[in-house]
Amino acid sequence: IELDPQEAERLGERLAALAKRQQEQPELSLLYFVPDARKAGGAYVTVSGQLKKITDFPRCIYLTDGSRIPIEDIVAVESPCLCDDIA
């Protein structure tokens, strides 16, 4: 999935809003690309959980269950806490 510039900007805004609230460990759902280790291609996966932290190096989102998702692979993010911050 290729995000157009407007979608990419909106995704960046949503991630920034989550970063501001990471101390609250909000619930979220992420849609991201997982490359196939054996051949070209991969699949899009949705994961849900509680945010643990967002790091700049490496640029990743960590969930409380130990999941680590590279930010460059994320194509969509949803969270109830974003309703307050982003229209």
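I looked up leucine 28 in this predicted model and found that its bridge partner is glycine 49, in β2. I then checked the two strands concerned: β1 covers residues 27-35, β2 covers residues 42-56, and nine bridges join them in an antiparallel arrangement.

Next I went through the sheet as a whole. I noted five strands in an open sheet, ordered β4-β3-β2-β1-β5, with antiparallel pairing. I looked at which strands stand at the edges: they are β4 (68-70) and β5 (74-78). Each has a single partner strand, so one side of each is left without a neighbour in the sheet. For the twist I have an average of 45 degrees from one strand to the next.

I then asked what helix α1 (residues 5-20) touches on the sheet. The helix packs on it with contacts to β1, β2, β3 (59-63) and β5. Between the directions of α1 and β5 I noted an angle of about 55 degrees.

I turned to leucine 3, which lies in the segment before α1. Setting aside neighbours within four places in sequence, I listed Ala8, Leu11 and Val75 as the contacts of leucine 3. I also checked leucine 3 against alanine 76: they are 73 residues apart along the chain, and their C-alpha atoms are separated by 9.6 Å.

Last, I looked at the rings. I found one aromatic pair in the structure. I also recorded the charged end of lysine 53 over the ring of tyrosine 62, at 5.2 Å from the ring centre.

Technical notes. Residues are numbered from 1 along each chain as its sequence is written. This is a predicted model: local features need pLDDT of at least 70, side-chain atom pairs count only at pLDDT 80 or more; totals for chains, interfaces and linings use all residues. Side-chain values use heavy atoms; hydrogens and water are left out. Two strands pair if DSSP finds at least two bridges between them. Helices (H or I, at least four residues) and strands (E, at least two) are DSSP runs, numbered from the N terminus. Axes are lines fitted to C-alpha atoms, for helices over the stretch in contact, and angles run from 0 to 180 degrees between N-to-C directions. Contact means heavy atoms within 4.5 Å. Rings of Phe, Tyr and Trp (its six-membered ring) pair if their centres lie within 6.5 Å; planes under 30 degrees apart count as stacked, over 60 as edge-to-face and the rest as tilted. A charge sits over a ring if NZ of Lys or CZ of Arg is within 6 Å of the ring centre and within 35 degrees of the ring normal.
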